[in-house]
Amino acid sequence: MISTQLSTISHVVQGQLLGADSIISSVSTDTRRIEPEGLFIALVGERFDAHQFAQQAIDAGAKALMVERALDVDVAQIVVSNTKQALGKLGCWVHQQCQTPTIAITGSCGKTTVKEMVASILSAKGQVLYTAGNFNNDIGVPLTLLRSSQKDDFAVIELGANHIGEIAYTTQLVKPDVALVNNVAAAHLEGFGSMDGVKQAKGEIYQGLAPGKTALVNLDSHGGELWSQVLVDKHVKTFSVNQQNADFFASQIALNQAGEASFILHTPQGEQPVTLGILGQHNVSNALAASALAMEMGASIEEVAVGLAQLSAVKGRVDVSQLTPMIRLIDDSYNASVPAMKAAIELLASFSGCRWLILGNMAELGTESLALHQQVGEHAAPFQFDYVLTYGEDARVISQRCQGQHFSTHQDMLTFIEQQLEVCASQSHVLLVKGANSSGMSKIVAALKEKFS
């Protein structure tokens, strides 16, 4: 964060400064991450009130507090009506002071991968501020913006949402120069209500884009008429895996034995062979999006190819480990949607050896949940994987359709996997693990790594 007077911060967030003015150079909402010269913002939620940790923050080194009510403490405090909204205002203001060319990315799936791809490409041209981990909600986005500095050459900000209005809010904070909806799919239906709700929510990123700024649109997955009016005054660029009328498209797609894709990238600036450093044919679409975004920021087509090749896997997202000479583990346990599940299935199908599809529930799908899990089962069945294992009530239909096995506990699933791997130790095995965060499939990944690594 840029160093700022408390009095200036108070003015930005429309608060009241109590106590002495001083310079603040960091902000935290977590008492475990207080830095010197830091401001602690006491957020309030349905189940927590961080005001009760104010003294703990001071003991950890906080120089000042931002609170919703004046506290009896020995440090300066800025009193505001709503600390969450004040956090957003401050993050927006800090980022705008730095005047960094900014990309905003949302979508039902793949947005984190696209963000990492763009950051990898642009890092060859300068310093890149980009979203860390899953800091992509109405609290994480302002915290990301607060990391802005005058040294940043580019910013790549990921925007997530589970209800209508969230992306509209965070887009107003980010004020991007270029915006992308990577795709729209059946995800977070409990919050969005329907696929039209998903399209409306994701399209909010384009509504928040100033006239004349660039909107990147996926011709293979978009909001159709729901977005047409919003895009009228934007500079629209398009991408598609195989529609050659798009500004960015791919040809000659192939997978090597490791599951890494190569293709010819077609752009308005020419063509370029590309080999991805991560697995899966589904990442061709993500790479096209990243290429378009990076080139809008001035990257050359050669820099795009280098950045995509150098990208390493993101933890929990198609992260491959060779546990033993005979056991390969593909950790895709971070999250799950129907398109992501289908892509994972197709990735596993590209491998030889004994193939294990190990799936947990998809989450937040509302009344459509069982039908969408059945879709995944129908997609997986023709591949005739050696093992199809499921955990979570709705995921049961997947193993039933594939003549697999369902487990009611992680431990039962893990015991079965370990027993079968020991019995068939002379065979080569590829295990792909995927599910929503709430299904806890990362526990299976961690246990297998501990057992066999």
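**View 1. F416, a buried aromatic residue.** F416 has a relative accessible area of 13% and is therefore buried (buried means under 20% relative accessible area, exposed over 50% and partly exposed in between, with a 1.4 Å probe and protein chains only). This is a predicted model, where local features need pLDDT of at least 70 and side-chain atom pairs count only at pLDDT 80 or more, while totals for chains, interfaces and linings use all residues. Residues are numbered from 1 along each chain as its sequence is written, and side-chain values use heavy atoms, with hydrogens and water left out.

**View 2. Aromatic pairs around F416.** Rings of Phe, Tyr and Trp (its six-membered ring) pair if their centres lie within 6.5 Å; planes under 30 degrees apart count as stacked, over 60 as edge-to-face and the rest as tilted. By this rule there are 6 aromatic pairs. One of them joins W356 and F416, with centres 6.4 Å apart and planes at 65°, so it is edge-to-face. Both of these residues, W356 and F416, are buried. F407 and F416 make a tilted pair, 5.5 Å centre to centre with 45° between the planes. F407 is buried too, because its relative accessibility is 9%. Together, W356, Y387, F407 and F416 form one aromatic cluster.

**View 3. E204 and its neighbours.** Which residues does E204 touch, not counting those up to four places away in sequence? They are I164, G165, E166, I167, A168 and T171 (contact means heavy atoms within 4.5 Å). A polar atom of the E204 side chain lies 2.9 Å from the backbone nitrogen of G165.

Notes. A polar contact is a pair of N or O atoms within 3.5 Å; within protein, one must be able to donate a hydrogen and the other to accept it, and residues adjacent in sequence count only if both atoms are side-chain atoms.
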